[in-house]
Amino acid sequence: MNNKQRNTTAALILLIILENLFLYYFFRNGILTQGKNAIGLFLTSIFIGLIVIYKFYNELVEETSLPANGRRFSYAVTALLALALIILGTQYDHFFHLRPLSIESSDIIPSIQIMCKRLLAGKYPYDIFYDFGFPQMPTYLPMQWIPFSIAEILHIDYRWIPYTAWCIAAVWLCIRSAKASSPMLRAAMPLLIFASNYILFSSSNKGIVEASVELLISAYYMMFISGLNQKNGVLQGIIIAFCLLSRYSLVLWIPLYSFILFVSKNRKQLYFAFATTVLVVTILYIIPYLSKDTQLFYKCYKYYDDAARFEWTHLNKDNRPIQLYSGTGFGYYFYTRFTNLPVMDRVKLLQKTHLVCSILVTVILGTWYWFRKDKINTRIFLMSSFKIYLAVFLFLIQVPYEYLMCAGNFVSIAILCEQARYSIRRSSSIGVV
């Protein structure tokens, strides 16, 4: 390993540690203010993507091949990670018994319970319900709630579904990263994987585990990063569809993904991925649900305007919106700097800024790739560009819920694991493998 590889690897590990600290520690413990913490989290996330590009730029890149003894060591470490996650799972189980599901904590999982019960009873899951004492419109996309039907069938706590899915994705990443040529990486990756979940489950962050399903979404995105490093277009299409049917985050990056595969002559892979994505979305969403209510997607999307109005007027003891002052996102700036506008006009201004900047970053990345495509590995650039795009997307989202940022953190760790599969053979001005 040369100095460039060693330094960039160390920088990536440090940045991921910082990302966790910005997300879970600095703001919560009063070390940084809202603005400094949010900007620190954003810049750290951006630099993770940039460092990976820099590491492999203008280098001849190949997948690493380890001797048998190196692979045995990595698989032993993976087994230890799996054991550690099982032990952590006992702590989850204890917590689930202490904090049973309750509408007082959040309506996310209770709403999903209603949708799953309806699905298994043969009813339409997206009908308005009144179980909480007021009319509630189900807004969750299929892959946010359908997997919880397993919990309903097995009569287990719904929160086991996100944790189990995340563990599967984490172990899979660790297995794939067994090819890492760097002993530092082979040791650091399972530690970071475990620590990232442990700090999430720490006493000050248990609300994310208790009330959200973000570990499930994170599992999708971890598998998505893994899928980007494989040639199987069908597999990529399935994972992309799962991501699209769980969160909207991916949608504005898809044109960049398509452009990169097209100009890099991976067109067969692109066509298979596109066809598979359309097929899965059609089977899981359009035919069973959207065909019965063609306004369903629009209704669900408009619901987020109502949620934004509530969160921007839901104030803490300092007379500030609670979710805009949780240490993440740039929404607080629009709230405080455009006071001449009504609240919803400030939300709309942020929404427009979010859209423009998300599109702009993909255009910039796509333009850079067009002129530099012979100097950067396609898979490396796909991972890095998504991380950069996601950092912008989450920084400018209209309500920066802390739990939404978890996926970005796990994406970073997935990128660390996947880029470890590649080694730099020698400097080259010709291109990459």
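Student: Why is Arg 176 called buried?

Tutor: Its relative accessible area is 9%. Buried means under 20%, exposed means over 50%, and partly exposed is in between (1.4 Å probe, protein chains only), so Arg 176 is buried. Before we go on, this is a predicted model: local features need pLDDT of at least 70, side-chain atom pairs count only at pLDDT 80 or more, and totals for chains, interfaces and linings use all residues. Residues are numbered from 1 along each chain as its sequence is written, and side-chain values use heavy atoms, leaving out hydrogens and water.

Student: What makes Arg 176 and Glu 418 a salt bridge?

Tutor: Their closest N and O atoms are 2.7 Å apart. A salt bridge needs a side-chain nitrogen of Lys or Arg within 4 Å of a carboxyl oxygen of Asp or Glu, so this pair qualifies. Arg 176 sits in helix H7 and Glu 418 in helix H18, 242 residues apart, so the pair links distant parts of the chain. Helices here are DSSP runs (H or I, at least four residues), as are strands (E, at least two), numbered from the N terminus.

Student: How do you know that Glu 418 counts as buried?

Tutor: Its relative accessibility is 0%, so Glu 418 lands in the buried class.

Student: Why is Glu 63 called partly exposed, and why is Arg 421 called buried?

Tutor: Glu 63 has a relative accessible area of 34%, so it falls in the middle class. Arg 421 has 8%, so it is buried.

Student: What ties Glu 402 to Arg 28?

Tutor: Another salt bridge, with the closest N and O atoms 2.5 Å apart. Glu 402 lies in helix H18 and Arg 28 in the loop between H1 and H2, so the pair ties together parts that are 374 residues apart in sequence. Glu 402 is buried at 12%, while Arg 28 is partly exposed at 36%. The structure holds 13 salt bridges.

Student: How many cavities does a search of the whole structure find?

Tutor: Six, counting those of 30 Å³ or more. A cavity is a set of points on a 1 Å grid over the protein atoms alone where a 1.4 Å probe fits but cannot get out, and its lining residues have an atom within 4 Å of a point.

Student: Which helix gives the most to the lining of the largest cavity?

Tutor: H17 does, with five residues.

Student: Where does Leu 396 lie, and what makes it buried?

Tutor: Leu 396 is in the loop between H17 and H18. Its relative accessible area is 8%, so it counts as buried.

Student: Why does Ile 156 count as partly exposed?

Tutor: Its relative accessibility is 34%, so it belongs to that class. Ile 156 is in the loop between H6 and helix H7 (160-176).

Student: What stands out about the phi of His 155?

Tutor: His 155 has a positive phi of about 60° although it is not a glycine. Most residues other than glycine have a negative phi. His 155 is found in the loop between H6 and H7, and at 70% relative accessibility it counts as exposed. Lys 265 is another residue other than glycine with a positive phi, near 65°. Lys 265 is in the loop between helix H12 (254-263) and helix H13 (267-290), and its 70% relative accessibility makes it exposed.

Notes. 1 Å grid on protein atoms, 1.4 Å probe; cavity = no way out; pocket = protein on both sides within 12 Å on 5 of 7 lines; lining within 4 Å. Points joined across faces, edges and corners; volume = space filled by probe spheres on them.
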